[in-house]
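Walk me through this structure, one element at a time.

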Amino acid sequence: MRDPRSILITGASSGIGAALAWAYAAPRTRLALCGRDAARLATVVNLCRERGAEVMEACLDITEAAAVAAWIVNVDHASPLELVIANAGVQGGLWRDGAGETLDELHRVMEVNFGGVSNTVHPVLPAMRRRGRGQVALISSLAALRGIPFSSGYCASKAAVRIYGEALRSWLAPEGIGVSVVLPGFVETRLSQTVSGPKPLMLLPERAANIIRRGLARGRRQIAFPYPLYLGMQLMRALPPALVDGSLCLRISCNHPESRFSSAVPTPSHAPRDRPQLRMAHWTASPGLLILRQERYRRRQSLNTRGSLSGSKAIWIATRQTPYTPSSMTFQARSLGDNG
Ligand SMILES: NC(=O)c1ccc[n+]([C@@H]2O[C@H](COP(=O)([O-])OP(=O)(O)OC[C@H]3O[C@@H](n4cnc5c(N)ncnc54)[C@H](OP(=O)(O)O)[C@@H]3O)[C@@H](O)[C@H]2O)c1
């Protein structure tokens with residue numbers, strides 16, 4: 001849809017969702033934004049209002065289906081929704097002593113990433129179908145194209161979103177409803193800070209939001225970026241699994257104190273003092289080709305400016321404490337009390 005005037009975005013309190021809200025904010029545009037963190041959401045809402053948009057916000061957990069449905073129906077009643085962007089999502093649990101994700105973490109990732117998307121899309125479809133128009137965008141990930149060993153739950157949840165979107169698209173297209181599946185690569189956000197290791201071709205959220213917005217305006221069915229990384233993932237899908245599995249055989253030994261979803265998150269003083277050695281696949285993208293090569297990383301003393309890998313304590317600091325302050329979208333958010 002070229003110029004939607006009534007837009008709902010979930011997970012708008014941070015990262016890609018916040019950048020999308022900012023990108024769409026304009027006079028005569030009504031935005032419905034949600035997130036869980038009231039302070040961060042309020043900052044985004046204020047920025048959008050300053051740009052002239054009318055904003056309805058809600059602090060809610062996307063996994064609470066009844067509350068999400070009630071809010072969406074209410075928003076649609078006040079201002080019939082033209083575009084719904086199901087964006088809210090979380091990264092999977094980090095590895096502890098090579099143990100992988102716990103079952104609870106796996107369920108939680110599926111519940112937020114796939115459950116949250118379906119909780120968002122489902123309530124709006126009856127109204128859009130009645131009107132015979134509307135557009136829905138589901139934020140999946142390039143990780144939906146091929147399972148990556150260090151985030152199995154995340155990849156599975158994003159693959160579910162992709163397939164769900166593809167199925168909806170074929171079903172709803174004849175009724176005048178466009179469904180776009182968005183597959184971003186690395187974007188510099190709070191979420192990507194929790195991923196250790198190299199993040200090739202990482203984009204700023206503003207750039208990602210512009211690519212998504214442009215793709216949606218053109219009615220693209222799939223919006224995948226950056227293109228070299230997308231080609232690399234497609235190449236991995238095309239190659240024989242035995243070959244790819246071998247290259248992806250990552251061994252991560254990291255004494256991470258707790259994963260993101262644990263209820264017993266330790267204080268910084270509890271962070272481990274040992275110096276885990278991590279062996280990670282180093283992804284290097286060149287035009288049209290993703291080269292995987294294994295490389296050793298030793299713990300460094302401090303985080304570099306992009307918050308990349310420097311040991312388990314640094315990862316802990318990055319995931320629990322480092323405020324997210326990327327470039328222009330959050331230029332006014334520095335005063336924000338970050339509780340992430
Ligand atoms: N960053 C990347 O490299 C990357 C790559 C591919 C795909 N993606 C996808 O892009 C989407 C946005 O991620 P991001 O990178 O912008 O991360 P982010 O900065 O951490 O933003 C995630 C957003 O989702 C919201 N959220 C998370 N759990 C929620 C819940 N249970 N209920 C309601 N809202 C919830 C967060 O709200 P609160 O903070 O207020 O809880 C936040 O607004 C995700 O679906 C992610 O999987 C990201």
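In helix α1, the buried residues are G15, I16, G17, A18, A19, L20, A21, W22, A23 and Y24. A residue counts as buried if 20 or more other C-beta atoms lie within 10 Å of its own, as exposed if 12 or fewer do, and as partly exposed in between, with C-beta atoms placed from the backbone. Because 10 of the 10 residues of α1 are buried, this helix is largely enclosed by the rest of the structure. Helices (H or I, at least four residues) and strands (E, at least two) are DSSP runs, numbered from the N terminus.

This is a predicted model, in which local features need a pLDDT of at least 70, side-chain atom pairs count only at pLDDT 80 or more, and totals for chains, interfaces and linings use all residues. Residue numbers start from 1 along each chain as its sequence is written. The pLDDT is the predictor's confidence in each residue, from 0 to 100.

The protein chain has 10 helices and nine strands. Of its 340 residues, 45% count as buried. Residues 24 or more positions apart account for 70% of the chain's contacts with a separation of 6 or more. Two residues are in contact if their C-beta atoms, placed from the backbone, lie within 7 Å. The mean pLDDT of the chain is 78, and 71% of the residues reach 70 or more. Over residues 251-340 the pLDDT is below 50, and this stretch has 154 contacts in the model beyond near neighbours in sequence. Where pLDDT is low, the predicted coordinates should not be read in detail.

Now the ligand. There are 28 residues around the ligand, and G11, G15, D37, G89 and L191 come nearest. A residue is near a molecule or strand if its C-beta atom, placed from the backbone, lies within 6 Å of it. Helices α1 (15-24) and α6 (190-193) each supply at least two residues of this shell. By class, the shell has 11 nonpolar, 12 polar and five charged residues. Ala, Val, Leu, Ile, Met, Phe, Trp, Tyr, Cys and Pro count as nonpolar, Asp, Glu, Lys and Arg as charged, and the others, Gly among them, as polar.

Next, a helix pair. The axes of α3 (residues 65-78) and α4 (residues 103-131) come within 9 Å and cross at roughly 40°. Axes are lines fitted to C-alpha atoms, for helices over the stretch in contact, and angles run from 0 to 180 degrees between N-to-C directions. The crossing of α3 with α4 is right-handed. A crossing is right-handed if the near helix is turned clockwise from the far one by less than a right angle, and left-handed if anticlockwise. From α3, residues A65, V68, A69, I72, V73 and D76 meet N119, T120, P123, V124 and A127 of α4. The residues of this contact divide into eight nonpolar, two polar and one charged. A78 also belongs to α3. With 13 other C-beta atoms within 10 Å, A78 is partly exposed. Its C-alpha atom is separated by 10.0 Å from that of R30, 48 residues away along the chain.

Helix α5 (residues 152-172) holds A156. A156 has 18 C-beta neighbours inside 10 Å, so it counts as partly exposed. K158 also lies in α5. K158 has 28 such neighbours inside 10 Å, so it counts as buried. Beyond its neighbours within four places in sequence, K158 is in contact with N113, S140, S141, A143 and A144.

Finally, the backbone. Most residues other than glycine have a negative phi, and most peptide bonds are trans. R28 has a positive phi, near 65°, and is not a glycine. R28 sits in the loop between α1 and β2 (30-35). It counts as exposed because it has 9 C-beta neighbours inside 10 Å. L201, also not a glycine, has a positive phi of about 55°. L201 lies in the loop between α6 and α7 (205-217). With 16 C-beta neighbours inside 10 Å, L201 counts as partly exposed. F225 and P226 are joined by a cis peptide bond, with omega about -10°. P226 is placed in the loop between β7 (222-225) and α8 (227-238).
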